[in-house]
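Trainee: Hi, could you walk me through this structure? I'd like to start with the strands.
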Amino acid sequence: MTREDQRLRVVAATPISEELIEMVVSREPRIDFIRDQALLPPMRFAGDHSGDPAFERTPDQQARFEELIDSAEVLYGLPDESATALKRAADSNPGLRWVQGMPAGVGAQVKKAGLTEEQLERVAVTSSAGVHVGPLAEFALFGLLAGAKTLPRLQQQQREHRWTGRWNMKHLGQQTILVVGLGSIGRETARKLKALGATVVGTSRHSTPVEGVDELVSTDDLADVVSRVDGIVVTLPGTAATEKMIDARVLANVAPGTTLVNVGRGTVIDEEALVAALDDGRIGFAALDVFASEPLSAQSPLWDSPHVLVSPHTAALNSEEDRLIAELFAENARRYLDGEQLINRVDTVEFY
């Protein structure tokens with residue numbers, strides 16, 4: 001059933017520029033995009049959906065902000081990017097039907113919000129999955145190349161002003177890379193790896209062929225598969241099913257000097273087991289953009305390992321992110337109004 005004669009009341013619950021609001025409405029004119037920029041924290045950089053942490057609302061401003069939230073059929077962003085605020089909105093606004101999340105992994109926030117079964121059924125939450133595919137796939141290649149080209153040794157010798165004899169570096173085009181998770185990020189990573197000549201093994205729940213992937217395997221076989229690859233790229237979301245999937249048993253079987261890259265979620269890797277694998281050389285280099293607990297604890301041994309690159313969950317950010325999310329939202333708004341399936345609706349069982 002279409003709703004061509006109806007208006008869609010969207011309230012900005014997270015920072016968005018007037019330029020992007022104008023673009024969204026031009027693409028879907030049935031939207032009434034409600035916002036009060038004075039109630040939204042200023043963004044410090046592209047993708048800064050939480051806004052300036054120094055921003056505070058007065059009690060009156062907070063009341064007005066919540067009044068707007070409670071008038072919405074659709075929210076653009078979780079209020080203040082907060083799971084607690086999402087729960088408050090679901091409790092206070094029975095007319096709320098859809099929330100567009102800013103992160104690709106917004107499912108974790110939905111799970112943390114503890115919505116009731118009725119609320120999970122009533123309020124669709126969609127993620128920005130796909131928006132960050134290019135940057136994250138590039139970071140995956142960056143990490144693999146850094147391992148292949150012995151970046152830690154190069155940096156150490158440069159710091160020491162030490163010119164040594166030459167040594168062989170590995171060639172990514174001659175390597176076999178395991179991509180754990182063939183969602184949008186994994187598929188793009190595989191495509192880029194294939195363009196460089198690498199052999200790509202990928203994990204999937206399905207047997208359907210994937211472009212750029214030479215071999216499909218089950219995650220149940222990871223402990224066997226890792227023994228014959230040169231690098232591992234993790235792209236999986238953080239769910240109960242993926243928690244510590246890369247564990248001590250898997251890492252015990254990797255070939256010495258394997259490169260490990262994580263652009264999925266930190267909980268997929270058992271960090272204690274990873275530290276042990278780094279210490280004995282099974283993992284020769286790890287490029288990590290995500291961690292089990294963020295910010296990474298100052299006491300974590302990962303900080304001080306010469307074979308680890310710590311990236312503070314920033315690999316996905318790029319100057320086009322806000323525009324791409326707004327374009328995705330405009331298309332989803334059209335689908336919503338026309339009674340079609342929404343793109344990237346969060347699974348309310350596994351929350352991804």
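Mentor: Happy to. A term to begin with: two strands pair if DSSP finds at least two bridges between them. Helices (H or I, at least four residues) and strands (E, at least two) are DSSP runs, numbered from the N terminus. This is a predicted model, where local features need pLDDT of at least 70, side-chain atom pairs count only at pLDDT 80 or more, and totals for chains, interfaces and linings use all residues. Residues are numbered from 1 along each chain as its sequence is written, and side-chain values use heavy atoms, with hydrogens and water left out.

Trainee: Thanks! How many bridges join β3 to β4?
Mentor: Three bridges link β3 (residues 74–76) with β4 (residues 98–100), and these strands run parallel. Within that pair, V74 stands opposite W98 of β4.

Trainee: And which sheet do they sit in, in what order?
Mentor: They belong to an open sheet of five strands, ordered β2-β1-β3-β4-β5, with parallel pairing. At its edges are β2 (31–34) and β5 (124–126), each of which pairs on one side only. On average, neighbouring strands in this sheet are turned by 20° against each other, direction ignored. For angles like that, axes are lines fitted to C-alpha atoms, for helices over the stretch in contact, and angles run from 0 to 180 degrees between N-to-C directions.

Trainee: Which helix packs on that sheet?
Mentor: That would be α12 (residues 321–337), which touches β1 (8–12), β2, β3, β4 and β5. Its direction makes about 160° with that of β4. Contact here means heavy atoms within 4.5 Å.

Trainee: Let's zoom out. How many helices and strands does the protein have?
Mentor: It has twelve helices and twelve strands. The radius of gyration is 22 Å, close to the 20 Å that the globule rule gives for 352 residues, so the protein is as compact as a globular protein of that length. That radius is taken over C-alpha atoms, and the globule rule is 2.2 Å times the number of residues to the power 0.38. Along its principal axes, the C-alpha trace spans about 70 × 45 × 35 Å.

Trainee: What about the seven-strand sheet, what's its order?
Mentor: This open sheet runs β8-β7-β6-β9-β10-β11-β12, again with parallel pairing. β8 (215–217) and β12 (308–310) are at the edges with a single partner strand each, so one side of each has no neighbour in the sheet. Neighbouring strands here are turned by 15° against each other on average, direction ignored.

Trainee: Which helix touches β10, β11 and β12?
Mentor: Helix α11 (residues 271–279) packs on the sheet there, and its direction makes about 135° with that of β11. As for β10 (residues 258–262), four bridges join it to β9 (residues 231–234), and the two run parallel. In that pair, V234 stands opposite N262 in β10.

Trainee: What lines the largest cavity?
Mentor: Its lining includes V110, L115, R345 and T348, and the space inside is about 50 Å³. The second largest cavity has a volume of about 40 Å³, with N262 and E271 among its lining residues.

Terms used
On a 1 Å grid over the protein atoms alone, a cavity is a set of points where a 1.4 Å probe fits but cannot get out, and a pocket is an open set with protein on both sides within 12 Å along at least five of seven lines; lining residues have an atom within 4 Å of a point. Grid points are joined across faces, edges and corners, and a volume is the space filled by probe spheres set on the points.
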